[in-house]
Amino acid sequence: MPDATLLIMTDPAPGKAADNSPPPNDSSSPAPANGPEEESSLVRRAREGDMSAYDDLVRRYQERIYATIYHMTSNHEDASDLAQESFIKAFQALHSFKGGSSFYTWIYRIAVNKTINFLKQRKNRAQMSLNDLDFNAEHDPDLVALISDKTPRRDVNLAELQEKLNAAMQKLSDHHRLVVTLHDVQGLSHEEIAKIMECNIGTVRSRLFYARQQMQAYLSDYLK
Amino acid sequence: MSNAPEEFEQLRKLLKLKRYEQPPPRFFNEFSGQVIDGIERAASRGSADRFLDNAPWLVRFFRTLERNALVAGSFVTGVCALLIGGIVYSEYVVDQPSGTDSANADFAAKPAEVSGFQFAGTEHVSSSLEPVFSTNSFHGDSLFEQGQPSAKLVSWSVPQ
C-alpha cells in the first residue's frame, strides 16, 4: 500500500483554508489519500468480508481519525479506544454504507458522533493525557515567533503552551471544539465540515467564529 | 461576524502547535491490527450476547431482577408454581385417558375389514399396534413383499 501520509501532504483538499498547510510530519489532512475508485473497490471488498481490504482502509484513515478524536478529548488513551471503536463500528455497519458520500466522510461522521457521545458521558471527568510534541515544533517559525519574546527556554514553554492550548480547547463546547479541530487543526474546508457535522455551511462559519473568539479570550496572555 | 484570516492570525499560529502532538512511536503500526482483532473478537462473541444486544427489554428485565428482591422472588415463585402445576396436570392426564384416546384404542383393536382395509392373501390382520411390514403376514404378489428378507436352504460342497 502506498504511504497515505505522503500522498496527503501533496494533495490538499479543495477549499482548504489559506495558510493552513500542515507541518511535514502532520498526519491529519483532509483529502482522501487515493482516488475514489480505489476507495470504493476497497469498501466493496471489505463489505464482502475481505479483512485485508479493510485493513488498507484503516491504515489510510487511522491517523486523521485518531487525530480528530485526540484533539477533541485531549487524551491519548480515550482517543485510541474511540478510534478503534469507530473503525469496528464502521466495519459492522459497512452494509449500510450506500456510497452517497465518500467513505472518509462517513467514517469521520461515525468517529465524531462516537466522540461527542463519549464526551457527553464524560462531562466533568475530563483528564488530559497529552501526546509529546514532535521535535520539529521547536523549529516552526510561527511558534518560535510566539514564544521567543518571552524566554529562550523554548522546549519548556512549548510544553506549557501546549497545556494551556489544550485546556482552552476543553473549555469550548463540543461542537465549537469540533469545528476548530476540523478547520484550524486538520485543515478541512467549511463544506467538508458541514458534511461531516450534517449542518449547513453558515452554521459551520458561525461556530468557527465564536469558537475562535472564545479561544482568543482564554489565551489572551499568549497571543500578545 | 467575520472569519477573516488576519483577525485570528495569532490564534491560528498557536493552533499549529496541536499538529505537532504525536502519539507514541509505533502506535499507528499496531493500530490497524488491533482494529482487525477487535472486529474478529466481536464476530466470535456468543450468540447469547448478540441476542441480548437485540433484546434490550430482556436486559432491563434481568437488571430489574438483580436490583429488586421482591420482583425476583415473585418471578421465581411464579416459575416454580408453573412447573409444579405442569407436573400435576400431566400426571392427571396420564391417569385418566381422554375420550379421544380411548376411541383410538378401540379403532386400533378392530379387524382391518371393519375399517375397510383388506389385503389380498393375508391370513393375519394387522392393526396399528403391530408393525406394518411383518415378514410372516404377507404372501403372494403384494408389493410389500418386494424386498422382504427370505431364507432358502442351499447345499454346496467344497471342490476337491
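**Burial in chain A**

I started with burial in chain A: 42% of its 224 residues count as buried. I note at the outset that this is a predicted model. I then listed the secondary structure. Chain A has 10 helices and 1 strand. Read from the N terminus, the order is α-α-α-α-α-β-α-α-α-α-α. I also checked contact range. Among chain A contacts between residues at least 6 apart in sequence, 67% link residues at least 24 apart.

**Helix 8 of chain A**

Is helix 8 of chain A, residues 174-185, mostly covered or mostly open? I found it mostly covered, with 10 of its 12 residues buried. I wrote down the buried ones. They include the run Leu178(A), Val179(A), Val180(A), Thr181(A) and Leu182(A). Charged side chains are on the list too, among them Arg177(A) and Asp184(A). His176(A), His183(A) and Val185(A) complete it. Then I looked just past the helix. There, Gly187(A) takes a positive phi of about 80°.

**Contact between the chains**

I turned to where chain B meets chain A. The contact takes 47 residues from chain A and 27 residues from chain B. On the chain B side, I asked which elements give two or more residues. They are helix 1 (9-15), strand 1 (21-22) and helix 2 (27-43). Helix 2 of chain B gives the most, with 9 residues. I sorted this side by class: 15 residues are nonpolar, 6 polar and 6 charged.

**Strand pairing**

I followed the strand of chain B across the contact. Strand 1 of chain B pairs with strand 1 of chain A, residues 132-133. The pairing is antiparallel, over 2 bridges. In this pair, Asp132(A) stands opposite Gln22(B).

**The largest nonpolar core**

I looked next at the largest nonpolar core, which has 61 residues. Which residues have the most contacts inside it? I noted Ile69(A), Ile107(A) and Leu17(B). Helix 3 of chain A, residues 51-73, supplies the largest share, 10 residues. Where does this core lie relative to the domains of chain A? It lies between domain 1 (35-125) and domain 2 (136-222), because both give residues to it.

Terms used
Residues are numbered from 1 along each chain as its sequence is written. Chains are lettered from A and ligands numbered from 1 in the order in which they are written. This is a predicted model: local features need pLDDT of at least 70, side-chain atom pairs count only at pLDDT 80 or more; totals for chains, interfaces and linings use all residues. Two residues are in contact if their C-beta atoms, placed from the backbone, lie within 7 Å. Helices (H or I, at least four residues) and strands (E, at least two) are DSSP runs, numbered from the N terminus. Two strands pair if DSSP finds at least two bridges between them. A nonpolar core is a set of buried Ala, Val, Leu, Ile, Met, Phe, Trp, Tyr and Cys residues joined through C-beta atoms within 7 Å. A residue is buried if 20 or more other C-beta atoms lie within 10 Å of its own, exposed if 12 or fewer, and partly exposed in between; C-beta atoms are placed from the backbone. Domain bounds come from an automatic or database domain assignment.
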